[in-house]
Structure formats: structure tokens, C-alpha cells
Protein chains: 2
Amino acid sequence: MTVAMTGAEALIGTLTGAGVDVCFTNPGTSEMHFVQAMDRVPAMRAILAVFEGVATGAADGYARITGRPAAVLLHLGPGLANGLANLHNARRAGSPLLCLVGAHATGHVRFDAPLQSDIEAAARTVSGWVHTSGTTRGLAGDAARAVAATAGGGGQIATLVIPADLSWETGGQPAAPYPAPPLPPASPGAVDAAAATLAAGPAPLLFLGRNALTERGLRAASRIAVASGARLLAETFPARMEGGAGLPAVARLPYLPEAADQALAGTGPLILAGARAPVTFFGYPGRGGDLVPDGAVVTELAGRGQDAASALEELAGRVAPGAEPQATPPGVPDITPGPLNPVNLANVIATELPANAIIADEAATSGFGLPQALAGARRHTLLALTGGSIGQGLPVAVGAAVAAPDRPVLAIEADGSSLYTIQALWTMAREKLNVTTVLVNNAAYAVLRIELARTGAGAAGPRAARLLDLSDPVTDFTRISEGFGVPARRATTAEELTEALRWSQSEPGPHLIEAIVPPVA
Amino acid sequence: MTVAMTGAEALIGTLTGAGVDVCFTNPGTSEMHFVQAMDRVPAMRAILAVFEGVATGAADGYARITGRPAAVLLHLGPGLANGLANLHNARRAGSPLLCLVGAHATGHVRFDAPLQSDIEAAARTVSGWVHTSGTTRGLAGDAARAVAATAGGGGQIATLVIPADLSWETGGQPAAPYPAPPLPPASPGAVDAAAATLAAGPAPLLFLGRNALTERGLRAASRIAVASGARLLAETFPARMEGGAGLPAVARLPYLPEAADQALAGTGPLILAGARAPVTFFGYPGRGGDLVPDGAVVTELAGRGQDAASALEELAGRVAPGAEPQATPPGVPDITPGPLNPVNLANVIATELPANAIIADEAATSGFGLPQALAGARRHTLLALTGGSIGQGLPVAVGAAVAAPDRPVLAIEADGSSLYTIQALWTMAREKLNVTTVLVNNAAYAVLRIELARTGAGAAGPRAARLLDLSDPVTDFTRISEGFGVPARRATTAEELTEALRWSQSEPGPHLIEAIVPPVA
């Protein structure tokens, strides 16, 4: 005879059986049976966030580092709503992510109680798979299907909506996991077509994204480049990209359209490997959004949901059998001492970067010096802002630190971006995560100053300028960080930043360094 | 000949012409033409929030105080997503609210650029009216219709999605406002039916919500109660309720189901005035969600979208022609000196409450002493958490302070709740708003401790308990407040709280008082 098991216990048992053993959560009353079940299924590690956007962004960061889904557990429609923006970023990253949303008990829905809303409709805007469970007996099976669904399309969000009574009633039974489907290979003939395109030339360009930016993918791409003369370019905001000395240095497509045009100018055939054809981030008056140069023919070696790294290796075997990948020599540009600016900031960070670090980059305008500085720095993994919804950097850093407790995590943040999910600092303190946040404070939405000029909206009047200004009041991030339990220091010069970074690495746990950098003129 | 006007300029001119002259915003690139147009249409006051949930909650607070819609201007789907939870609360409050969401330029949508998502689908979960504009020429007319739509159903959210090119192109022309529709009267025969119900008895109860909780509504309800012996009860979480000495004291239905059962026990006929029949907030094992006592017949005098105050006045004229409303005498319970607890906290607040204050109450478990303490305090307006999505108190206080710059605003907040939208403090500092936040820090999700026990989930094990605990680390709200530019003090005793409240009223602008109160055992 088996002990009666609640739906919540069966569900958590199913998840841990399927390898989903981390749950980022901000629970409420409808999730209390999950909370209670945490003590019965100790294999599940639950991590509390004090705002849902931290939980969803953390699950994204966890997935980018491990390749496996974490769960998030959210409280009804409003809890999901607070997590949506970072689910949007996770969707754009192609991260496998299991989103569990507690709902009112089945019999309670008809009362339209205050927290009632259309959870499925909101979930569909970010999820590849959405289902509302109907019975306690079926809940665990639904969970097993949901975990399997996170692998769909190369990685996606699966949302399971769970009426509270299904969790609290007994009659659950853990369900067996589905085998994880492998990343689909490139389409038949794609390698042949890419090889022919490379041979035909002139001036081919390999545009890399997703797992083409793993070490394996980058080395294969580099061999192809060496042998064929093709140029390499990575997508602007990769979900994950390996970098540093010893690896081939691959530049990322610039964010600003004019710079992107320049980077792509002269391209003959454009071969896509794990990336889509490049487009501008926004539409602008008087120019199109398609960045593919006129006349360039686009060939897809591997799509975003396909195994681009293996396709590149196969292509390299075909067109570059003897070629060796280029290896970037170690070295960081010299540091100009004195007041911080985006260039010496980047060079200090690159110089002090600990080995094997994970960098969550959301520095926006203040981070423009980073790619050049980091190219020859110690080996690292870069996580970028995939979906354009700022407020992703600190939560992703949380998830990365949970995923890789033995790797130092560096979050390079902008003041404006950090404020959307500043509550992530609390979880860093609670979980004693090895995250150092370098928060670049320029007291402005500096990127919007650039965009205002670019959109042809004309010079900003005083009222418009005030809407892009964050200097009244200037936020004191050192105090805020200490308020959340994360030790903090301020740095205004390259020397102070060097010292502060060494301080942050001298002891375990989270630290924040507020780097005061004047805005780009 | 007229000067060429952009769509954005025509739209803002249309809004100010229709009386919508406050816009809470967190803009992005697709909204830059609105930002730029702010200098051309100076009648529009734009107020910056550093997180969208602050903007939407502020617009809700503004509507609750003025009865008129403010606009919010949000950046694409993710910006809307960050504002959704407080839009949910605004929807439950019946607040008129104009939600403007910038979208990618028409020609850019097909590229599925990183920020692209289904804006309309997300908007529909909270809005009564959703439309995506198609042409620059039609944009201003769409805006005029949207403003009119905010009055629908007694107050609702109208969302207008605005492709960026419609804003930046010229050819706009401001559109004339639609006349604002009045609040619909009660249904024909409803007053007769209610009068007959009162006469038939026994033990009738008037359940009050929406504008039945205005001074007018409360006085009429009190006259009815005096003449007929009917009991009065207000909904648990009213959008706006007048209170204090000189007004009839009307208790609110308790939140916990057992206490609500008790409050409703013995009710004969139940007459609804601006409220729906009472239901529990959540479903629980072993009990139903319907709070109407067995055998009680429910009669609707006026629905939530109808003019309940006028219906009550008409009913009072019928059944209580000579009766006077009861007036609560002034007086506040004595303050027990020493360490703060929910009772002396409430009594200090009630004693120090400045005249004509607006109270945004999101104190959760720490606020249970407030209703009794405030009944005989100085006249005030209470704004409650209508939709159950915590993180509403500080933003609503921002909007209330903008709406009524001559009234002091008191936000009574819980630690857990405040953290969802703590960024509201920045806007309070920026706009120098007369908001005093009393932030009750008990270092726990105390309400969930109660709910965990109530849901029958059993005793919390150590891992479950940790998910409801906010004491590791304890958040230092005094520091966080100062970091956002709001002067702050800590109070641990009744005497210190008295002193701090006097300090907060001794100078204009925002203040925060961190009240250290141990959790309810």
C-alpha cells in the first residue's frame, strides 16, 4: 500500500525525476501546497525571489548555462504578468524553461474572485506550449509532457497552469520522464548548399548564433574562415557566447543600424548558422529594417532551432579538412588611469576578469568598450540581452550563479536597466551567490538620448530631456545594494575599480561596485 | 496653411483636449516621438517612472482620486508586461485608464525583431477596449475613442497600440473629444425591489462597494440603516472609501473566510449597492467560495458599473425620509507605549493622521488594527488593494499625490508587498510628492504563514518555512529609501513612530518611515 500523495508532491517528484531540480519562485496562497511539498521532496531546490521578474530571468540564466530547464513557480495571472518580460527574453534566447502557474481551485473560478484573470492568454504570448491541468491524477503526466515540451524548437517555454485543488488533493503519482529529444540536425542538403556557396563566393560571410557560438561551433567556424576566406560575424545579442584568449575572436554585429550596415558592407553570400538573417532592432524613419546588403544571397546552414555547431563541424570537415582554428592571443589593452569612461572601465574589467567567468552583459551604452577589451581576456562565457527587454542582467546572473556555483559571475549593468529588477540583489544575498555586479551609473537613459536623435525626432526640448534623465534624484546604488544585503563600494577611477574588483573576488558571496561613468556625449 | 503635425503631436493634443493631461511613462525608442512632442504640447504633464508597474499603478491611483483617466505610455509588449499586474488591480478597481503602447513601425513587424510580441493579446487580459491604430490620419480619432472608452462599464482600461511610424509621420490633426458618458443609473425597478426587500426583512444587510463608499453613498446608506434596522458592510478591498469622524462608520467584510462567515451570519436579505455578492478571496479545501449565508436572498440595488450612490439616495428618500445619518464621533484608541505592534502602530497612525489625508493601504497582516483605529480619526480617503496583486500601494500613492497635490498621502506598506514596486520611491523623489510611506517590516510573508496553515497544507517544514521568510537577509528599507532619494527614518516604538510621523509632516516632499513590527504569531 502506498501513502496517499498530493498532486503537488507527485508533480515535484515528477520534475526531479526528469532532472528539473531547481525552482525559482515567488509563491502565493494558491501555491502553498507546493511550498509545503518542498520538505517531502528534498531533491528540489527552491529559491525565493521577492519579485517574479527575478525568478523568470534566473531560470533563463540557469538554462543558458546548463542547457536544461529550471522551473519557475508563479502566483496566478498577476504573478505570471510580473515575470513576463524576462520570459520574453528567455523566449528570444531559446531557453528551455518550465513555467508553473498556480490558479484558483477549479470550483472557485466561477466566482471571478479578485485575482482571477486569463492566465493562458498571457502565457501564450511567450510560451511554445501551454496547458491547464484538469485532474490530480493527470497532473504529474502533464508535468512530464511539459518538461519534454521545453526542448521543442531547440528550447522554449512550456507553461503549465495548475488549479489549486489539483495540488492539494491526494491521488497523485509521479510520472516517468520523457526522453529528452536531441537538438534537430541541419536540414538535408544544407551542408552541401553552404559548401557550394562558399566555393562560389565572393566575400562570403558566416553569420553565427545559438550553439554556433559554443567553443565547438566557434572553432569549426574559424577553420572554415581560415580555409575559405569567409568572414565571421556573431549576432548582436547572443543568448550565450564563449570568448577570450585561445578562442577565435568573432565580432558581434553592431546594434546601431549605420554601424551594422558598415559591418555587413561588401558581403557576397550570407550563410546563416544558428542565426536568422540580420534586421535592425527598431524601425526608423527613412530606412528599411532588413540589414542584408542588396544583392547578397542568404543561405541557411542551420536554423535557430537546429544544431548549428555540428553543421559547422561537418562543413569544416568538407571545406577545411586540414585547417586549424585561429586562437586569440592573451592580452588586454592598457588601462588609462584616472576617471572612469567606457573604455578604461572595459579594460579594467577585462584585466581583472577571473578565469572561467560568466559575464551577464546589460551595460547598454556604457558597455561599448567591452567586446574589444574582452577578446584577449581570460576565457569566459557571455550572456547578452536577447529580447531587448531591459531588467534581464541581474536575474540572469542569479540563475547563472545557481547553475555554476564554481564559476565567478560578473553582471555588468546599466543604472536604468538595473532598476527594473533591482530586487535580484536580495536573492543574491539570500543564496550567497558569487556574483559581482558592476553597476555603471551615468544617471541617464543614455541609449534613449542616442535613439531620440536617431529617430529624427529632432533635438530634445527641456521636457523631453527630463524624461531621459535619471539625475534628479541620482540613485545611490551603493546604499540600495547594502539595503538588500549585498556589500557595495563606489568607484570613480580606474584605480578604484581595480581595487574594488579585487575586493569582490577576495571573499565569497555577492558584491556590488557602483562605477560612476559620465554619459557618452 | 497649417504647420505639418506629427501623429504623436496630434495624439497628445487630442488627449489634453479631452482632459487627459497627465501621462505616467517609462518610454523607449518606439515612443521617442511622444517624448519629443511633450515640448510642443506643454499642457501634457509627463511623469517618469523607472519601472512600468509604477506608471500603471500611479495611473490607477490618479483615477481613483480624480475619477478621470490618466494616460500611461509604455514600450512595446515587454513594457506593457511589466505594467500588467497593476493594470489588473486597476481593472478590479474600475478605474478609467488610458494605456498607450508604442509598437514597432508598421513595416518592421514582419522582421520579428527582438522586442516583437503579441501586444494586443496581453492587453486584452486587462482591458475593456483594445485597438491598434492603422494610419497617422486616424490616430487622433482613435485616441478620442479610447478616452471615451475608459468610461465604459463604470470605468475600465482602454489600450491603444501605436505603431512608431504613425507617430513620426506628419498628417495628424487633433480630434474633438467625445462627451463623457455619465455613470449608468440603477436598473429600472431596482429601488422598488430593494425597498420591498428591506420592508420584508428580517435582518437585511446592505453590502456596499464602488461609489456607495463616497460620502454621499455612505450617508444615504446610513439613513437607510437607521430607519430600517438594516446592517451595513463594505467590500473588503474598496477602490476608494471615505472614512473618519463625522461620517457613518461602516466595517469592511473581513478577508479571512471564517471571519467573513461570522460577519455575514444571520443575514436575511442581502442588498448589493455597487458591490458583487461576497466570495472568498481564494478557494480552500473543504469549503465553498460563496460567502452568501444559506437561505439569504440577494437583491441588486445597483451593480458595480452603476451609480450606487444615487440609487442609495433614492432608496433613502423612499424608506428613510426623515432619518439622519449616523456620524462617528472623533476619537482614537489610546496608544500603548513601547515596542510597535499592529495595534499601537495603527493607533499612532490614526492619532497623527493629518486632516484630509489619502491612505494607500497595503499593510497586509500588519494593518489589521487600522480599520478600528481610523474609524474616529480625521477625515480621510482609503485606497485598498483591489485586485490582490501586491505591489500596488506605493504606485497608487504616487498617482494620488499627483492627483491631489494639496492633500497629504500616507502609504501604509508591508515589506513583502513593497518590494514588487519599490522603484516608486524614485518617482516620489523626482516629483517631490507629499507621500509619507510607513513601511512595516516584519521580515516575512506573514500572510502566507497564515495561508499555509489555512490551506490545510500542514505545518511548514524548514524548507517551506524558508520560502515564507524574509529575514535572511533582512531588507534595510531605510537605506533603500535613501538610495532612491527619499529621506528615511526607522521606528521601533510607538514614541519613535509618533516622532517620525511628525517629522514627515514638518516639511514638504516624500518621506519613508521603516516601522519594525514583529510578525503576528
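At what angle do the axes of helix 4 of chain A and helix 4 of chain B cross, and within what distance do they come? In this predicted model, the two axes cross at roughly 170 degrees and come within 8 Å. Each of these helices spans residues 76-93 of its chain. Since angles over 145 degrees count as roughly antiparallel, helix 4 of chain A is roughly antiparallel to helix 4 of chain B. From chain A, the contact is made by Gly77(A), Pro78(A), Ala81(A), Asn82(A), Leu84(A), Ala85(A) and His88(A). Chain B contributes Gly77(B), Pro78(B), Ala81(B), Asn82(B), Leu84(B), Ala85(B) and His88(B) from its own helix 4. By class, the residues of this helix contact comprise eight nonpolar, six polar and no charged.

In total, 84 residues of chain A are in contact with 83 residues of chain B. Helix 4 of chain A gives the most to the side of chain A that touches chain B, namely eight residues. That side of chain A has 42 nonpolar, 29 polar and 13 charged residues.

The overall dimensions of a single chain may be considered next. Chain A has 20 helices and 17 strands. Its C-alpha atoms fill a box of roughly 70 × 60 × 45 Å along the principal axes. A compact globule of 521 residues would have a radius of gyration near 24 Å, and the 24 Å of chain A therefore agrees with that expectation.

An open sheet of six strands in chain A has the order 2-1-3-4-6-5, with parallel pairing. Strand 2 (45-48) and strand 5 (129-132) of chain A stand at the edges with a single partner strand each, so one side of each has no neighbour in the sheet. From one strand to the next, the twist averages 20 degrees. Within this sheet, strand 4 (residues 97-103) and strand 6 (residues 157-163) of chain A run parallel and are joined by seven bridges. Cys99(A) stands opposite Thr159(A) of strand 6. Helix 4 of chain A packs on the sheet, where it touches strand 1, strand 3, strand 4 and strand 6 of chain A, and its direction makes about 170 degrees with that of strand 4. Helix 3 (residues 52-66) of chain A lies across strand 1 (22-26), strand 3 (71-75) and strand 4 of chain A, running at about 165 degrees to strand 1.

Another sheet can be followed in chain B. This open sheet of seven strands has the order 9-13-12-14-15-17-16 and mixed pairing. Its edge strands are strand 9 (241-243) and strand 16 (488-491) of chain B, each of which pairs on one side only. The twist of this sheet averages 20 degrees from one strand to the next. Strand 12 (residues 357-362) and strand 13 (residues 380-383) of chain B run parallel and are joined by four bridges, with Ala360(B) opposite Leu383(B) of strand 13. Helix 14 (residues 393-403) of chain B packs on the sheet and touches strand 12, strand 13, strand 14 (409-414) and strand 15 (435-441) of chain B. The direction of helix 14 makes about 175 degrees with that of strand 14 of chain B.

Some details of backbone geometry remain. A cis peptide bond, with omega about 0 degrees, joins Asp472(A) and Pro473(A). Pro473(A) lies in the loop between helix 18 (462-467) and helix 19 (477-483) of chain A. In chain B, a cis peptide bond joins Gly201(B) and Pro202(B), with omega about -10 degrees. The loop that holds Pro202(B) runs between helix 8 (190-200) and strand 7 (205-208) of chain B. Arg210(A), a residue other than glycine, has a positive phi near 45 degrees, and lies in the loop between strand 7 (205-208) and helix 9 (215-228) of chain A.

Conventions
Residues are numbered from 1 along each chain as its sequence is written. Chains are lettered from A and ligands numbered from 1 in the order in which they are written. This is a predicted model: local features need pLDDT of at least 70, side-chain atom pairs count only at pLDDT 80 or more; totals for chains, interfaces and linings use all residues. Two strands pair if DSSP finds at least two bridges between them. Helices (H or I, at least four residues) and strands (E, at least two) are DSSP runs, numbered from the N terminus. Axes are lines fitted to C-alpha atoms, for helices over the stretch in contact, and angles run from 0 to 180 degrees between N-to-C directions. Two residues are in contact if their C-beta atoms, placed from the backbone, lie within 7 Å. Angles under 35 degrees count as roughly parallel, over 145 as roughly antiparallel, 65 to 115 as roughly perpendicular and the rest as oblique. Ala, Val, Leu, Ile, Met, Phe, Trp, Tyr, Cys and Pro count as nonpolar, Asp, Glu, Lys and Arg as charged, and the others, Gly among them, as polar. The radius of gyration is taken over C-alpha atoms; the globule rule is 2.2 Å times the number of residues to the power 0.38.
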